[in-house]
Amino acid sequence: MSHHGERTFVMVKPDGVQRGLIGEILSRFEERGLKVVGGKFLQIDEELASEHYAEHEDKPFYDDLVSFITSGPVFAFVLQGADATRQVRSMVGETDPLEADPGTIRGDYGLDLGRNVVHASDHEDEGANEREIALFFDEEDLVDYERIDETWLY
Ligand code: RTP
Ligand code: MG
């Protein structure tokens, strides 16, 4: 791995896209200091959905999850920076909007458990970040570069 800093996978789900929140969500991470190193607007098909949500295959909400994530376009992107996966998860907030703190993305924009605006790689699931990145992006889709604050600030 030649890049500096951890990479993590994030996705604005169909509800976030429909509500016009792509820019807002991307901005929060950029302003925090996380570097965008890849991005893709796409509609997820059944096959990709079943790979992405393989861990939930046996859960009662699995069918709803797959039909929702394939219901409209998503914006998938890759962020890079120190402890990126944990940083992003703390900014995304708890899965259940009732438990997501105000100031988190879900705490500010979500009300429904199944329509919680964003997906982010789980930091408690070892390697989930790299696995999810590989599912959505080819290595040549990711661009490593130095952001000015990296050379000047840190
Ligand atoms: P995500 O994978 O979307 O970033 O969310 P997460 O890690 O916080 O939650 P996870 O446990 O991985 O669940 C994936 C998505 O499934 C929906 N869900 N529904 N009905 C239910 O009990 C239930 N539990 C989870 C949520 O939309 C969650 O984001
Ligand atoms: Mg998850």
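User: Where is His-119 placed in this predicted model?
Analyst: In this predicted model, His-119 sits in strand β4.

User: Why is His-119 called partly exposed?
Analyst: His-119 has 19 C-beta neighbours inside 10 Å. A buried residue needs 20 or more, and an exposed one has 12 or fewer. The value falls in between, so His-119 counts as partly exposed.

User: What makes His-119 a residue with an annotation?
Analyst: An unreviewed UniProt entry places the feature "active site" at His-119. His-119 is also listed among the residues around ligand 1, including Asn-116, Ala-120 and Asp-122. By class, that shell has four nonpolar, four polar and one charged residues.

User: Which residues does His-119 touch, not counting residues up to four places away in sequence?
Analyst: They are Val-10, Met-11 and Lys-13. With the same exclusion of residues up to four places away in sequence, Met-11 touches Val-74, Phe-75, Ala-76, Val-118 and His-119.

User: What makes Trp-152 exposed?
Analyst: Trp-152, in helix α8, has 8 C-beta neighbours inside 10 Å. The cut-off for exposed is 12 or fewer, so Trp-152 counts as exposed.

Terms used
Residues are numbered from 1 along each chain as its sequence is written. Chains are lettered from A and ligands numbered from 1 in the order in which they are written. This is a predicted model: local features need pLDDT of at least 70, side-chain atom pairs count only at pLDDT 80 or more; totals for chains, interfaces and linings use all residues. Two residues are in contact if their C-beta atoms, placed from the backbone, lie within 7 Å. A residue is near a molecule or strand if its C-beta atom, placed from the backbone, lies within 6 Å of it. Ala, Val, Leu, Ile, Met, Phe, Trp, Tyr, Cys and Pro count as nonpolar, Asp, Glu, Lys and Arg as charged, and the others, Gly among them, as polar. Helices (H or I, at least four residues) and strands (E, at least two) are DSSP runs, numbered from the N terminus. UniProt positions are given in the numbering used here, feature names are shortened, and annotations may be inferred rather than shown by experiment.
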